Amino acid sequence: MRNKHLILLAHLFLTTVIFGQEIIYELEKDIPYYPVTDQKLDSYLRERCKLDVYFPKDTTGVSTVVWFHGGGLEFGEKHIPAGLMEKGIIVVSVNYRLHPKVKQPTYIEDAAAAVAWTFKNIKKFNGTAGKIFITGHSAGGYLASMVGLDASYLKKYDIDANDIAGLIPFSGHTITHFTVRKERGIAGTQPIVDKYAPLYHVRNDAPPMLLITGNRELELLGRYEENAYFYRMMKVLEHPDVELMELDGYGHDMVYPAIPLLLDFVSKHEL
């Protein structure tokens with residue numbers, strides 16, 4: 001609740017001390033990530049396709065974490081996870097269009113547009129395009145994986161998906177998302193692997209990856225197992241940098257304990 005109150009302001013300043021230096025943070029909210037021409041053509045795009053940027057004001061060249069919220073591709077709102085605040089990094093938090101007002105691949109396209117916007121604009125917020133990490137929880141983890149693995153979404157913006165510094169999906173589908181299946185009249189218990197599945201796009205030249213799930217007995221149906229299979233297929237392809245972590249004692253709501261793992265991954269993979 002405290003975090004929800006903090007992000008109500010258009011510009012938020014927080015301070016912390018890192019290595020003896022006072023760091024000032026600023027939050028800029030509701031920045032459109034599509035061009036004005038697209039906004040004029042679609043009122044729902046104009047409403048939903050916005051992002052917030054939380055950044056250390058006087059520190060340059062820092063890493064950026066793009067965060068996609070969860071909610072089954074049907075609900076949810078952008079927010080800055082409390083565990084990512086005052087950590088010396090930039091956080092870009094993204095809203096995207098939702099089912100049933102849109103269907104696949106619109107929400108994936110929105111995620112790609114937001115990532116492309118980040119690559120092209122993060123320098124204005126003291127970041128660098130060489131240190132952009134993509135993450136999110138549940139549906140957000142699925143979107144992070146799809147944008148990073150199916151390079152066609154970012155290619156539209158002349159961005160190479162392999163320039164992403166790392167992908168860190170939190171409890172994300174690696175098979176085709178259950179909402180995508182629902183749009184086709186397919187039961188949630190029927191697994192599908194097609195072009196809307198991260199598993200379909202496994203490749204050994206993908207960005208470094210850290211897969212994090214809750215405990216296999218506490219997680220959503222098959223969520224650990226599909227991540228484990230994705231991990232194994234990446235290893236079969238000899239991907240040089242992929243990890244899988246299962247958080248014992250936690251189910252699908254595993255964001256808080258996973259964030260330190262994310263931060264450690266970012267620290268190890270900064271260029």
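The dialogue below walks through several features of a predicted model.

Colleague: Where in the chain is Asn126, and what is its phi?

Modeller: Asn126 has a phi near 75 degrees, which is a positive value in a residue other than glycine, and its place is the loop between H4 and strand E6 (127-137). Asp158 also has a positive phi, of about 60 degrees, although Asp158 is not a glycine; this residue lies in the loop between helix H6 (152-155) and strand E7 (166-170).

Colleague: Is Asn126 buried or exposed, and is Asp158 buried or exposed?

Modeller: The cut-offs decide this, since buried means under 20% relative accessible area and exposed means over 50%. Asn126, with a relative accessible area of 16%, is therefore buried, whereas Asp158, at 76% relative accessibility, counts as exposed.

Colleague: How should I read a strand in the same way, and how many residues of strand E3 are buried?

Modeller: The general idea is that in a regular strand the side chains alternate between the two faces of the sheet. In this model, six of the seven residues of strand E3 (residues 50-56) are buried, so the strand is largely enclosed by the rest of the structure. Four bridges join E3 to E5, and the two strands run antiparallel; to find one of these pairings in the viewer, look for Tyr54, whose bridge partner in E5 is Val91.

Colleague: Which residues of helix H5 are buried?

Modeller: Helix H5 (residues 139-149) is mostly covered, with eleven of its eleven residues buried. Among the buried residues of H5 are Tyr142, Leu143, Met146, Val147 and Leu149, together with Gly140, Gly141 and Gly148.

Colleague: Turning to charge, how many salt bridges are there?

Modeller: The general idea is that side chains of opposite charge can pair when their charged atoms come close. In this model the count comes to eleven salt bridges. One of them is formed by Asp42 with Arg97, the closest N and O atoms being 3.0 Å apart. This pair links distant parts of the chain, with Asp42 in the loop between helix H2 (36-41) and helix H3 (43-48), and Arg97 in the loop between E5 and H4, 55 residues apart. Asp42 is partly exposed, with a relative accessible area of 26%, while Arg97 is buried, with a relative accessible area of 8%.

Colleague: Which residue does Lys182 meet in a salt bridge?

Modeller: The side chains of Lys182 and Glu74 meet in a salt bridge of 2.8 Å, N to O. Here too the pair links distant parts of the chain, because Lys182 is in helix H7 (residues 178-183) and Glu74 in the loop between strand E4 (62-68) and E5, 108 residues apart. Lys182 is partly exposed at a relative accessible area of 43%, and Glu74 is partly exposed at 29%.

Colleague: Which parts of the chain does the salt bridge of Glu246 with Arg216 tie together?

Modeller: Glu246 and Arg216 have their closest N and O atoms 2.8 Å apart. Glu246 lies in strand E9 (residues 242-247) and Arg216 in the loop between strand E8 (209-214) and helix H8 (223-236), so the pair ties together parts that are 30 residues apart in sequence. Glu246 is partly exposed, with a relative accessible area of 24%, and Arg216, at 37% relative accessibility, counts as partly exposed. Elsewhere, salt bridges that share partners join Lys29, Asp30, Asp52 and Lys78 into one network.

Definitions and conventions:
Residues are numbered from 1 along each chain as its sequence is written. This is a predicted model: local features need pLDDT of at least 70, side-chain atom pairs count only at pLDDT 80 or more; totals for chains, interfaces and linings use all residues. Side-chain values use heavy atoms; hydrogens and water are left out. Buried means under 20% relative accessible area, exposed over 50%, partly exposed in between (1.4 Å probe, protein chains only). Two strands pair if DSSP finds at least two bridges between them. A salt bridge is a side-chain nitrogen of Lys or Arg within 4 Å of a carboxyl oxygen of Asp or Glu.
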